[in-house]
Amino acid sequence: MVETPGPSARRSSSATALFLTGVILGGVSGGTVAVVLEGSSPAQLALGTATPAPSALPSSSAVVVPTGADNIADVVKDLLPSVVTVVNRTQNGQAQSSGSGFVIDAKQGYIVTNSHVVENLRGTGVGASFDVIFSDNRPVTAQLVGHDSLTDIAVLRVPAQGLVEAPLADSDAAPVGATVIAIGSPLGEYQNTVTSGVVSAKGRRVQESADIFLEDLIQTDAAINPGNSGGPLIWVAAKQVVGMNTLVEIDPQTATQAQGLGFAISSKTIRSIANELIANGEIVRGFIGIQYQPLT
């Protein structure tokens, strides 16, 4: 006689089948997990995710900036080729100092810089020879046309070949607050450096030395350092030169360079003095022929 299994026996068989199925599935899924976890970082394990490391960063898309969207960059692109580094050499050809300058007449090859850039470091007189280095690192020998220490302006001349001119603005028209950029070779090493600021004030009178007071200067907060002397201060809106960078005020309390307190010779003065230096090689000034002595 064959007994029919009771309910309890059927439940027992089902439980056994479920247990075996669980063991099998557990083994399969455990093997799968082992494969996935292999090569995962601790951070990925902690987050419960496991993604493969990228083989390379995605490439950047091309950037197209419309003309006029970045005014300063547009001005630099147009006028940087007109800016030069001026190297002042001694009789034996040794470089004794350097500064900056810019082309004011491309057809005739005239370049302006500061008078103190072309003067000897020791004693009187000027350097024996001068080189100018353009923004593309092209060196050219320059001839000194003339200089005027009372206005700190000098004119050099180079062959008029492939020159880019920086037009002189009317400095009287540039308003206080106008955006300006200075271009030059600070410290004689960092050629083609561009700094930006504003016209902080106009018509300043600053003492350059014991005997020389510079007049009608433009004050700016654009960074100016030794080596920037003679470089252009460019009015961005007009794309024209409004001044020639010449000095930075020294804090009398600390004897250090003041921050954001630079001065440029106005383009109005540059035009007047440069024209006379080109015509005569010097500046002829009137004087009163009076001698005096104190009376007791």
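Trainee: Which ring does the charged end of Arg138 sit over?
Mentor: A charge counts as sitting over a ring if CZ of Arg is within 6 Å of the ring centre and within 35 degrees of the ring normal. In this predicted model, the charged end of Arg138 lies over the ring of Phe134, 4.4 Å from its centre. Another such case is Arg205, whose charged end is 4.2 Å from the centre of the Phe213 ring and sits over that ring.

Trainee: And how many aromatic pairs does a search of the whole structure find?
Mentor: A pair of aromatic rings is described by the distance of the centres and the angle of the planes. Here the search of the whole structure turns up zero aromatic pairs.

Trainee: Let's turn to helices. What span should H5 have, and what do its end C-alpha atoms show?
Mentor: Helix H5 covers residues 267-280, and at 1.5 Å a residue its 14 residues should span 20 Å. The end C-alpha atoms are 20 Å apart, so the two values agree.

Trainee: Which residues of H5 are buried?
Mentor: They are Ser267, Thr269, Ile270, Ile273, Ala274 and Leu277. Viewed down the axis of H5, these buried residues fall within an arc of 140 degrees, so they line one face of the helix.

Trainee: What follows H5?
Mentor: Gly281 does, with a positive phi near 80 degrees.

Trainee: And how much of the protein chain is buried?
Mentor: Of its 296 residues, 36% count as buried. The secondary structure of the chain comprises five helices and 12 strands.

Definitions and conventions: Residues are numbered from 1 along each chain as its sequence is written. This is a predicted model: local features need pLDDT of at least 70, side-chain atom pairs count only at pLDDT 80 or more; totals for chains, interfaces and linings use all residues. Side-chain values use heavy atoms; hydrogens and water are left out. Helices (H or I, at least four residues) and strands (E, at least two) are DSSP runs, numbered from the N terminus. Buried means under 20% relative accessible area, exposed over 50%, partly exposed in between (1.4 Å probe, protein chains only). The expected span of a helix is 1.5 Å times one less than its number of residues. The arc is that of the directions from the helix axis to the C-beta atoms. Rings of Phe, Tyr and Trp (its six-membered ring) pair if their centres lie within 6.5 Å; planes under 30 degrees apart count as stacked, over 60 as edge-to-face and the rest as tilted.
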